[in-house]
Amino acid sequence: MSQIPVVERILGANEDLAAQNRRLLEAHGVHGINIMAAPGGGKTTLILRTIQALQGRRKIAVIEGDIASTIDADKVRAVGVPAVQINTGGNCHLDAVQVQKALAELPLEDVDLLFIENVGNLICPVAFDLGEHTRVALTSIPEGDDKPHKYPGIFAAVDALVVTKTDLLPWVPFNLAEFRRLVRGLNPDIRLFEVSCVSGAGLDEWVQWLMELTVRK
Ligand code: MG
Ligand code: ZN
């Protein structure tokens, strides 16, 4: 036991709890999606727009991860969707224990799709399985098109990537063709979406994909 490095033991314990979370979600017919991005990448805005688009079609709940504050959970509750805020108190990612506690506070029997909004960070969230079924990363246009070079791990680890704030493309240097090429080089099977939550461009395709992933109870 003591021969196993501490980091491996922590990740091993996390994986056991994540498997429990996944079983709990599946027992209730809930599809969990872990949303990861840098701070300001547009995670909460995309979740709010998606809630609007799926109104009457899928029942959604949200777990919000932030170092501090309940701002994001308050925004989700304000549109009538159950939300639990996790404050990590300084930790830069969510882990399966925190999510397990949050799941106990949600009406899972009345949820089809659970968004877990991770702490804004492109590095360690990918190392922690939360019990989700699908992993999604966001890159916003103002962050620049070099992120796949700098943070290859997250681009390689996710099922889908949503490029957000595409309405800013006329104003910000961002080579979308090169960006797509880099991302597909790291992850040939990735689903790519390009959306603007301001104009609504590209949202239909994203919402259609979520409809295919989830089942209405
Ligand atoms: Mg947020
Ligand atoms: Zn971290």
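Me: Rings of Phe, Tyr and Trp pair if their centres lie within 6.5 Å. In this predicted model, which residues do ring pairs link into a cluster?

Reply: Phe155, Phe174 and Phe179 form that cluster. A search of the whole structure finds five aromatic pairs.

Me: What makes Phe174 and Phe179 a tilted pair?

Reply: Start with distance. Their ring centres are 5.1 Å apart, and the limit is 6.5 Å, so they pair. Now the angle. Their planes stand at 55°. Stacked needs under 30 degrees and edge-to-face needs over 60.

Me: Phe179 belongs to helix 7. How do you know that the buried residues of helix 7 line one face?

Reply: Take the residues. In helix 7 (residues 176-186), Leu176, Phe179, Leu182 and Val183 are buried. Look down the axis: they fall within an arc of 120°, so they line one face. Ala177, Arg181 and Gly185 are exposed on the other side.

Me: What do the buried residues of helix 7 pack against?

Reply: Their partners include strand 5, helix 5 (147-150) and helix 6 (152-157). Strand 6 (160-164) and strand 7 (191-194) are also among them.

Me: What reaches the backbone nitrogen of Ala177 at the start of helix 7?

Reply: A side-chain oxygen of Asn175 comes to within 3.3 Å of that nitrogen. The cut-off for a polar contact is 3.5 Å, so this pair counts.

Me: What puts the buried residues of helix 4 on the same side?

Reply: Helix 4 spans residues 96-103, and Ala96, Gln98, Val99, Ala102 and Leu103 are buried there. They cover an arc of only 155° around the axis, so they sit on the same side of helix 4. These residues pack against helix 1 (6-27), strand 2 (60-66), strand 3 (83-87) and strand 4. At the start of helix 4, a side-chain oxygen of Asp95 reaches to within 3.2 Å of the backbone nitrogen of Val97.

Me: Why is His93 called buried, and why is Cys92 called partly exposed?

Reply: Buried means under 20% relative accessible area. His93 has 10%, so it counts as buried. Cys92 has 33%. That value lies between 20% and 50%, so Cys92 is partly exposed.

Me: Which residues are the protein donors of the magnesium ion (ligand 1)?

Reply: They are Thr44 (OG1), Asp72 (OD) and Glu117 (OE), at 2.0 to 2.1 Å. Asp72 is in helix 3 (residues 71-78) and Glu117 is in strand 4 (residues 113-117). The two lie 45 residues apart, so this pair links distant parts of the chain. Asp72 has a relative accessible area of 11%, and Glu117 has 2%. Both are under 20%, so both are buried.

Me: What makes Arg22 and Asp129 a salt bridge?

Reply: Side chains of opposite charge can pair when their charged atoms come close. The limit is 4 Å. Arg22 and Asp129 meet at 2.6 Å, N to O, so they pass. Arg22 is in helix 1, and Asp129 is in the loop between strand 4 and strand 5 (134-140), 107 residues apart. The structure holds nine salt bridges.

Me: How do you know that Asp112 and Lys217 form one too?

Reply: Their closest N and O atoms are 4.0 Å apart. That meets the 4 Å limit, so the bridge counts. Asp112 is buried at 1% relative accessible area. Lys217 is partly exposed at 42%.

Me: Why is Lys150 called exposed?

Reply: Exposed means over 50%. Lys150 has 52%, so it counts as exposed. Its salt-bridge partner Asp146 is at 3.2 Å, N to O. Asp146 has 25%, so it counts as partly exposed. Asp146, Lys147 and Lys150 are linked in a network of salt bridges.

Conventions
Residues are numbered from 1 along each chain as its sequence is written. Chains are lettered from A and ligands numbered from 1 in the order in which they are written. This is a predicted model: local features need pLDDT of at least 70, side-chain atom pairs count only at pLDDT 80 or more; totals for chains, interfaces and linings use all residues. Side-chain values use heavy atoms; hydrogens and water are left out. Buried means under 20% relative accessible area, exposed over 50%, partly exposed in between (1.4 Å probe, protein chains only). Donors are N, O and S atoms within 2.8 Å of the metal (3.2 Å for Na, K and Ca); water is not among the atoms, so sites may look incomplete. Helices (H or I, at least four residues) and strands (E, at least two) are DSSP runs, numbered from the N terminus. The arc is that of the directions from the helix axis to the C-beta atoms. Contact means heavy atoms within 4.5 Å. A polar contact is a pair of N or O atoms within 3.5 Å; within protein, one must be able to donate a hydrogen and the other to accept it, and residues adjacent in sequence count only if both atoms are side-chain atoms. Rings of Phe, Tyr and Trp (its six-membered ring) pair if their centres lie within 6.5 Å; planes under 30 degrees apart count as stacked, over 60 as edge-to-face and the rest as tilted. A salt bridge is a side-chain nitrogen of Lys or Arg within 4 Å of a carboxyl oxygen of Asp or Glu.
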